[in-house]
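Open the model in your viewer and keep the selection panel at hand. The stops below are meant to be taken in order.

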Amino acid sequence: MTILLKKLTHTNPSHAAQPDTYSISQATHERNIALEQLFVEFEIKPTAVIIIDDMKFMLKTVERVNEFANRMLSEDSPLSLIVKMRKEDIDAYGYNVKADFVYDYYRNKKAAFEKLFQEPAHDWKMDRYETDDPERIYDTYFAQGKYSHMTEVALFA
């Protein structure tokens with residue numbers, strides 16, 4: 001599997017009516033290198049820690065990094081694409097049955113939160129919950145909306 005990161009460049013600025021072309025950066029098989037290339041290619045600054053953290057969570061495989069790079073060409077910003085991909089992952093991989101969340105919660109609380117919200121479950125986020133009842137958390141999650149974030153649900157659970 002190769003990573004081909006594309007960045008929009010004008011090859012001939014005097015012919016503005018012609019379509020834009022893309023320059024391809026060097027291919028890699030290593031996820032961490034590919035992520036670093038994404039940060040450079042799409043001008044994501046090191047101070048954008050929330051976007052970087054979300055990207056590291058969402059783009060766990062080389063294939064996902066490649067998908068992100070290809071889809072980024074039709075997006076306004078990396079954040080808007082991360083939001084879209086998070087919603088798609090909630091639809092595809094999130095919990096549809098409360099019992100599954102409850103079971104996973106008792107086995108591995110952090111993994112259950114990450115699967116439910118499709119975002120990193122940092123300790124400080126999990127500590128915001130005043131309840132340790134997974135059924136209440138799940139019910140509050142759906143009451144707040146399918147695409148709500150951990151910190152939003154923590155306010156009401």
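**Before you start**

This is a predicted model, in which local features need pLDDT of at least 70 and side-chain atom pairs count only at pLDDT 80 or more, while totals for chains, interfaces and linings use all residues. Residues are numbered from 1 along each chain as its sequence is written, and side-chain values use heavy atoms, with hydrogens and water left out.

**Stop 1: the whole chain**

Colour by pLDDT, the predictor's confidence in each residue on a scale from 0 to 100. The protein chain has a mean pLDDT of 83, with 82% of its residues at 70 or more. Now select residues 1–15: pLDDT is below 50 there, and the stretch has 49 contacts in the model beyond near neighbours in sequence (a contact means heavy atoms within 4.5 Å). Residues 17–27 also stay under 50, with 26 contacts beyond four places in sequence. Where pLDDT is low, the predicted coordinates should not be read in detail.

Switch to a cartoon view. The protein chain has nine helices and two strands, in the order β-β-α-α-α-α-α-α-α-α-α along the sequence. Helices (H or I, at least four residues) and strands (E, at least two) are DSSP runs, numbered from the N terminus. Of the 157 residues, 38% count as buried; buried means under 20% relative accessible area, exposed over 50%, and partly exposed in between (1.4 Å probe, protein chains only). Among contacts between residues at least 6 apart in sequence, 56% join residues at least 24 apart.

**Stop 2: aromatic rings**

How many aromatic pairs does a search of the whole structure find? The search finds twelve. Rings of Phe, Tyr and Trp (its six-membered ring) pair if their centres lie within 6.5 Å; planes under 30 degrees apart count as stacked, over 60 as edge-to-face and the rest as tilted.

Select Phe-101 and Tyr-105. Their ring centres are 5.7 Å apart and their planes are at 50°, so this pair is tilted. Both residues belong to helix 5 (residues 98–107), four residues apart, about one turn of the helix. Phe-101 is buried at 0% relative accessibility, and Tyr-105 is buried at 4%.

The rings of Tyr-105 and Tyr-106 have centres 5.8 Å apart and planes at 85°, so they are edge-to-face. Is Tyr-106 buried or exposed? Tyr-106 is exposed, with a relative accessible area of 59%.

At Tyr-95, look for Lys-115, which lies over the ring face at 4.6 Å from the ring centre. A charge sits over a ring if NZ of Lys or CZ of Arg is within 6 Å of the ring centre and within 35 degrees of the ring normal. Lys-87 lies over the face of Tyr-147 in this way, at 5.5 Å from the ring centre.

**Stop 3**

Select helix 3 (residues 62–72). Its buried residues include Val-62, Arg-64, Val-65, Asn-66, Phe-68, Ala-69 and Met-72. Their cover includes helix 1 (31–41), helix 2 (49–58) and helix 4 (78–93).

Side chains of opposite charge can pair when their charged atoms come close. A salt bridge here is a side-chain nitrogen of Lys or Arg within 4 Å of a carboxyl oxygen of Asp or Glu, and the count comes to ten.

- Arg-64 and Asp-89: the closest N and O atoms are 2.8 Å apart. Arg-64 lies in helix 3 and Asp-89 in helix 4, so the pair ties together parts 25 residues apart in sequence. Both residues are buried.
- Glu-75 and Lys-84: the closest N and O atoms are 2.8 Å apart. Glu-75 is buried at 16% relative accessible area, whereas Lys-84 is partly exposed at 41%.
- Arg-86 and Glu-119: the closest N and O atoms are 3.6 Å apart. The pair links Arg-86 in helix 4 with Glu-119 in the loop between helix 6 (109–117) and helix 7 (123–126), 33 residues apart. Arg-86 is buried at 7%, and Glu-119 is buried at 5%.

Next, select Arg-64, Glu-67, Arg-71, Glu-88 and Asp-89, which salt bridges with shared partners join into one network.

**Stop 4: Thr-140**

Finish in helix 8 (residues 134–144), where Thr-140 is found. Thr-140 is buried, at 10% relative accessibility. Which residues does Thr-140 touch, not counting those up to four places away in sequence? Thr-140 touches Val-153, Phe-156 and Ala-157.
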